Amino acid sequence: NMGASHATPVEKLRDKRWVEQHGHTASIMDYARFNYVAQPEDNISERGLFPRINDYDKWAIKWGYQYRPEFADEHAEKKQLMKETTKVLENNPRLWFSGEGYSDDPREQTEDLGDNNMRANEYGIMNLKRIMASLPEWTKEDNYQYTDLKEMYGSVRDQFNRYMRHVLKNVGGHYISNLPATKPYDVVPAAIQKEALEYLGRNIFTAPMWLYPEDITEKTSFNAVADIKNMQRRVLDGILSRNILEGIYNDSFRSSEAYKIDAYLNDVFNQIWLPFGSGSEVQDKSRRDMENAYVENIDKILNPTGPNGAPVSMHTDVNLYVEQHLQRIDDFCTKQAAETGGINQLHYQQLLRQIKLIRERMTTARR
């Protein structure tokens, strides 16, 4: 039941009295392995940090194994169990069952916590930063050996990437519910998806340099610049894929709370296209890499190709919105090329040439 942890509000995971009494997830079968939201100042004991058999587990065992001799046959028993289940869920939504994490419902994920992935994982990152600060001391070995450091550093990066995947599932996601008096299928509201994009902007698109301290990357021979580039490109390829854009556009007709495609594109733009000036060469390089990848993704949408590399015709409303979005990128690059110098100016000039080629390919395909 990978949705059980969603029944716990994020802030309750930091409430010592509450979490020690109720546990950090409603089911041990959620695979919510530990309470990574809790902060040191919360002084939460192990009872509020590690999973336990909890409300949902006891309910599931009762439902599945209780002896009900009063029924004449299985059909009568099933009918009554359905009524009882409806009543129980109306009174206690902590007993909601989802699935094993394979749907596009962001509430149904392995190893996530709380009712909001973004807020929970910001706390998780705060704890990862604490770990990184002490990792060299905690993994210290004799004779200049760094095997333990390499292994545990890999675990920190894995956990960070797990947080990223939790958040990404909110973009273009859908709520699938079997709770009484709820919609069985609904889109994730635009406000939640925008919150996810802002999380990615803070923690991924702004290169997380805290994750790559020199005293650790040198000892582990880890290529931080390449890792940052690959991580950012994976996320960008996901949120700018045709499937996501088509899904968001189609969902916009289903609910007044759904994301509108033009608003979504503008919000993605605002997380990537920022003026240079961070003072960090790595941050500037990663920004150039992302902007190049961004334009490449726009090209793939506006100029799709078949398996043999030949252009294919694909005229949809999404293409029209993306074409409109391309003009905003053009305007930004034109302005920055006039105001910057050096390699950044050359970068924007190169992007403007690429934008021109994209438009030329579009014209050729339409003919």
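Contact means heavy atoms within 4.5 Å, and helices (H or I, at least four residues) and strands (E, at least two) are DSSP runs numbered from the N terminus. The model is predicted: local features need pLDDT of at least 70, side-chain atom pairs count only at pLDDT 80 or more, and totals for chains, interfaces and linings use all residues. Residues are numbered from 1 along each chain as its sequence is written, and side-chain values use heavy atoms, with hydrogens and water left out.

**Figure 1. Overview of the protein.** The protein has 13 helices and two strands, and its C-alpha trace spans about 80 × 65 × 35 Å along the principal axes. Of the 367 residues, 46% are buried (under 20% relative accessible area; exposed is over 50% and partly exposed in between, with a 1.4 Å probe and protein chains only). Among contacts with a separation of 6 or more, 72% join residues 24 or more positions apart.

**Figure 2. Helix H6 and its cover.** Helix H6 comprises residues 190-205, and its buried residues include Gln-193, Leu-197, Leu-200, Ile-204 and Phe-205. The cover over the buried residues of H6 includes helices H4 (117-138), H5 (147-168), H8 (224-239), H9 (242-251), H10 (261-272) and H11 (281-302).

**Figure 3. Nonpolar cores.** A nonpolar core is a set of buried Ala, Val, Leu, Ile, Met, Phe, Trp, Tyr and Cys residues joined through side-chain atoms within 4.5 Å. The largest one holds 75 residues, of which Tyr-264, Trp-273, Tyr-294 and Ile-329 touch the most other members. Leaving out residues up to four places away in sequence, Trp-273 touches Glu-291, Tyr-294, Val-295, Ile-329, Phe-332, Cys-333 and Leu-351. A second, separate core has six residues, among them Tyr-56, Trp-59, Leu-89 and Trp-96.

**Figure 4. Surroundings of His-347.** His-347 lies in helix H13 (residues 342-366). Because its relative accessible area is 5%, His-347 counts as buried. Its side chain makes a polar contact of 2.7 Å with the side chain of Glu-291 (a pair of N or O atoms within 3.5 Å; within protein, one must be able to donate a hydrogen and the other to accept it, and residues adjacent in sequence count only if both atoms are side-chain atoms). Beyond neighbours within four places in sequence, His-347 is in contact with Phe-276, Arg-288, Glu-291 and Asn-292.

**Figure 5. Loop residues with positive phi.** Most residues other than glycine have a negative phi. Asn-43, not a glycine, has a positive phi of about 55° and is found in the loop between helix H1 (16-22) and helix H2 (55-65). Tyr-144 has a positive phi of about 60° and lies in the loop between H4 and H5. Asn-43 is exposed at 54% relative accessible area, and Tyr-144 is exposed at 70%.
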